[in-house]
Amino acid sequence: MELYGRILLYTMPAFLVFVLLEKGYGWITGRDTVRTMDMLSSLSSGITFLVKEVLGLSVTILSYGWMVQHFAVFHVESTVLTFIITYFVLDFQAYWTHRWSHEINILWNEHAIHHSSEDYNLACALRTTISNFVNLFTFFLLPAAILGVPPSVIAIIAPIRLFAQFWYHTEWIKKMGILESFLITPSHHRVHHAINPEYLNRNYGQILIIWDKMFSTFQEELPHVQPVYGITRPAQTWNPIKINFQHLGLLSADAWRTSNWWDKMRIWFMPTGWRPADVAEKYPVRKIEDVYHFTKYNPLTSGMLKTWTWIQFGWAFTLVLYFFGNIARIGSPNMFYYGGFILLSIYAYTELMDRNPYALAWEFAKNAIGIGIICYLGDWFGSDAFLPGLGYAIVAYFVISTVVTAWLVMREMKPCREKTNEMKAEPVPASRIV
């Protein structure tokens, strides 16, 4: 856990730099593919995922170590060949878990966050789930376990594969020649993120495209069909924590409302998007029918609100860097309180991004808890050891943050602005809104 945190201490700023470089390049060239609030939502989603991962908030039903212990026929050394075999095994597992997450109702809840951005850029690669509390598909690693691949090799390859999926989330890189025949490229993955009928539910591979070609789920990006991104039941929020549980909320409501007991049980395992007939008729859910003519989620926001959101994101980012660099010092159970505070911070400022008047209540609760933590611990989780008196500065920030948020809520939510501030239309395809 501590080692993982220290690795992230260096990779997180690198990801942020690449996202900002893509934003800057688009601004310079006059074709910006990164909307500011969408980018901040994506970056915030990435933070929630990393906090959850570092805290280890998930349960593995069947561990890889247990499978090696009980099923290994051979015990291979950690050679280059071992790493190559492991890479293929993990990629095969990823193809099927990814595919099922698109095809099965309950599993889609874990993956919808990644597709929720209606843009396609490096930032959206960071939209990663926090709703998968149970790891179900370790059994796909059985071939590696039979070969006796050491768990340490899996532990090295798994995060490398995760980071390797970042680069191809961009519109700037076009076709890549011979690489298109065996690797997932930006072109292949643009197809995967698109909701065009020609592209829907295709290209599930994460590193290698060979599995899609093998199992008939491959689709090439067509020169005459521009990808349109998002999900057919749009999230309509910048709050990544809400997005993570939206589909689960819909499934739960539908299971409760339907009068058919068989539907109550099977809804969880039906194809993604399936709803009981009686519920679908009585409680319709907005769905994009014409992907070429719909309105992207883009609430009108002032320059002041964007500036304040950047400040709040910067604060959350700084909190995370301190957290990952000092996990051992913070210790347990304080690290769980710290992680919860980060999630609450993100929830509060993304509610303000959505222009939700309840954002003030969330912000007040967050800041009150923050001040309470400092009063109880005497500083901010040992921060005075690095800079004496820093706790007082953080208390001042909490107070100022509450005042500024209150002012923005009153300013941005005026009754005379209500109608015009609900949404700004952006037909697709259209010039980007930044």
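The model is predicted: local features need pLDDT of at least 70, side-chain atom pairs count only at pLDDT 80 or more, and totals for chains, interfaces and linings use all residues. Residues are numbered from 1 along each chain as its sequence is written, and side-chain values use heavy atoms, without hydrogens and water.

**Surface patch**

- Leu57, Val59, Phe133, Val134, Leu136, Phe336 and Tyr337 form a nonpolar surface patch of about 630 Å².
- Patch residues have over 30% relative accessible area and no salt bridge; like charges are joined within 9 Å, nonpolar side chains (Val, Leu, Ile, Met, Phe, Trp, Tyr) within 5 Å.
- A salt bridge puts a side-chain nitrogen of Lys or Arg within 4 Å of a carboxyl oxygen of Asp or Glu.
- Accessible areas come from the Shrake-Rupley method with a 1.4 Å probe; for residues, only the protein chains shown count as cover.
- Tyrosine 337 belongs to helix H15 (residues 334–353).
- Tyrosine 337 counts as exposed because its relative accessibility is 52%. The classes are buried under 20% relative accessible area, exposed over 50%, and partly exposed in between (1.4 Å probe, protein chains only).

**Helix H15**

- Helices (H or I, at least four residues) and strands (E, at least two) are DSSP runs, numbered from the N terminus.
- H15 has 20 residues and spans 29 Å from first C-alpha to last, close to the 28 Å expected at 1.5 Å a residue. The expected span is 1.5 Å times one less than the number of residues.
- H15 is mostly covered, with 15 of its 20 residues buried.

**Backbone geometry**

- Most residues other than glycine have a negative phi, and most peptide bonds are trans.
- Serine 332 and proline 333 are joined by a cis peptide bond, with omega about 10 degrees. Proline 333 sits in the loop between helix H14 (327–330) and H15.
- Asparagine 203 has a positive phi, near 55 degrees. Its loop runs between helix H8 (186–193) and helix H9 (210–214). At 0% relative accessibility, asparagine 203 is buried.
- Phenylalanine 381 also has a positive phi, about 50 degrees. This residue lies in the loop between helix H16 (359–377) and helix H17 (390–412). Phenylalanine 381 is buried, at 6% relative accessibility.

**Cysteines**

- The whole structure contains zero disulfides; the criterion is a pair of cysteine sulfur atoms within 2.5 Å.
- Cysteine 124 is buried at 0% relative accessibility, whereas cysteine 375 is exposed at 62%.
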